[in-house]
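Please consult the sequence and structure below.

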Amino acid sequence: MLADEVKQQYGLTIPFFEGTLEEAQRSAAQTAKYLILYLHSPLHENTGAYLREVLGTDEIIALLSESCILFGVSVTEKKGHQLATELGAHAFPFVAALFRRKVILRLQGYHTREVFRQEWRLCTEDWDTYLAEEISLVTERAAREQARAADEVAASEMEAADRALLEELQRKEQADRQATAAQKAAEAKAAVERAATEKQEKEERERREAEEARQRALEAQRQQQKEAAKEQASGLLHEEPAEGVPAGETVQISVRCPSGKQYHRRFLRSDLVDQLSLFVLTLDELADATDMSTVRFVTGFPPAPLEWELGVTTFRDVKSLCPRAVVLLRRC
């Protein structure tokens with residue numbers, strides 16, 4: 001393993017991924033992380049200095065640890081030589097960053113920590129929005145898988161209960177056949193039970209009809225509330241800034257809904273962030289919402305809830321929204 005070779009030859013502990021390249025690629029996809037490829041050239045004169053001064057430093061390891069999987073391989077190995085050819089490596093040390101198996105950054109030849117940091121920052125500024133979407137999708141897939149497993153357990157338990165019920169019915173039928181002497185009493189008892197069941201069914205039917213009527217009334221009330229909320233939000237929502245307003249006085253917000261549909265809206269930086277909530281309430285995407293208690297906003301990287309003080313916080317106060325931002329809309 002390259003980690004052992006680097007530890008033995010250079011005295012450095014670098015957290016390279018333990019496994020094959022294919023396993024590293026699967027892990028990056030499953031955990032929604034970037035894949036960093038380091039092609040190690042043990043005979044190159046700058047290799048030792050690069051490991052000690054750049055890749056093996058605590059600063060760079062910490063920079064990559066949260067959002068990346070670091071995979072290293074020596075070009076003296078067959079796989080490393082093949083990767084060098086595929087990636088077009090013509091100078092060493094060589095580092096490449098991949099996202100969804102696409103190369104998004106190449107660093108060839110010796111470069112300082114500062115250069116590495118600058119290049120990595122520029123790269124992640126372009127790609128962190130896509131990574132945030134990938135993290136959200138991975139989280140949702142995990143939740144769906146957990147729900148599916150729970151459904152399978154529930155179905156298995158229900159099947160077992162049905163089998164137990166069937167066995168009980170079979171035992172009862174056998175007992176009934178053996179109790180022929182008490183058939184008249186059993187028939188009378190059955191008549192009483194039948195009458196009780198009919199009475200219970202009637203009461204249940206009346207209760208259900210009353211409940212359905214109540215639900216219809218509640219639904220009508222909710223519909224009125226939805227329409228009133230949308231109308232109120234439309235009335236309180238400011239007009240979108242005119243085209244002539246300087247860009248330094250506005251923000252461009254892209255609201256991405258759970259359905260994948262995206263809405264764009266400009267606001268004045270002096271506007272309250274409350275205006276974003278009013279804009280969302282006017283969307284057909286939230287036709288069933290009467291207020292913002294059923295939705296939340298997520299933005300930034302790593303993704304975090306957007307929080308502000310109602311009636312106080314302006315767009316200018318929230319640096320992550322200026323001059324433009326992608327806001328993910330999530331249902332509570």
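How many nonpolar, polar and charged residues does the lining of the second largest pocket have? By class there are four nonpolar, two polar and five charged residues, where Ala, Val, Leu, Ile, Met, Phe, Trp, Tyr, Cys and Pro count as nonpolar, Asp, Glu, Lys and Arg as charged, and the others, Gly among them, as polar. This is a predicted model, in which local features need pLDDT of at least 70 and side-chain atom pairs count only at pLDDT 80 or more, while totals for chains, interfaces and linings use all residues. Residues are numbered from 1 along each chain as its sequence is written, and side-chain values use heavy atoms, with hydrogens and water left out.

**Second largest pocket**
- The lining includes Lys 172, Asp 176, Glu 187 and Glu 193.
- α7 (183–236) gives the most to this lining, with six residues; helices are DSSP runs of H or I with at least four residues, and strands are runs of E with at least two, numbered from the N terminus.

**Largest nonpolar core**
- Among its 28 residues, Val 6, Phe 16, Tyr 34, Tyr 38, Leu 51, Phe 116 and Trp 120 touch the most other members; a nonpolar core is a set of buried (under 20% relative accessible area, 1.4 Å probe, protein chains only) Ala, Val, Leu, Ile, Met, Phe, Trp, Tyr and Cys residues joined through side-chain atoms within 4.5 Å.
- α6 supplies the most to this core, with five residues.
- Leaving aside neighbours within four places in sequence, Trp 120 is in contact (heavy atoms within 4.5 Å) with residues including Tyr 34, Leu 63 and Leu 105.

How values were computed
Buried means under 20% relative accessible area, exposed over 50%, partly exposed in between (1.4 Å probe, protein chains only). On a 1 Å grid over the protein atoms alone, a cavity is a set of points where a 1.4 Å probe fits but cannot get out, and a pocket is an open set with protein on both sides within 12 Å along at least five of seven lines; lining residues have an atom within 4 Å of a point.
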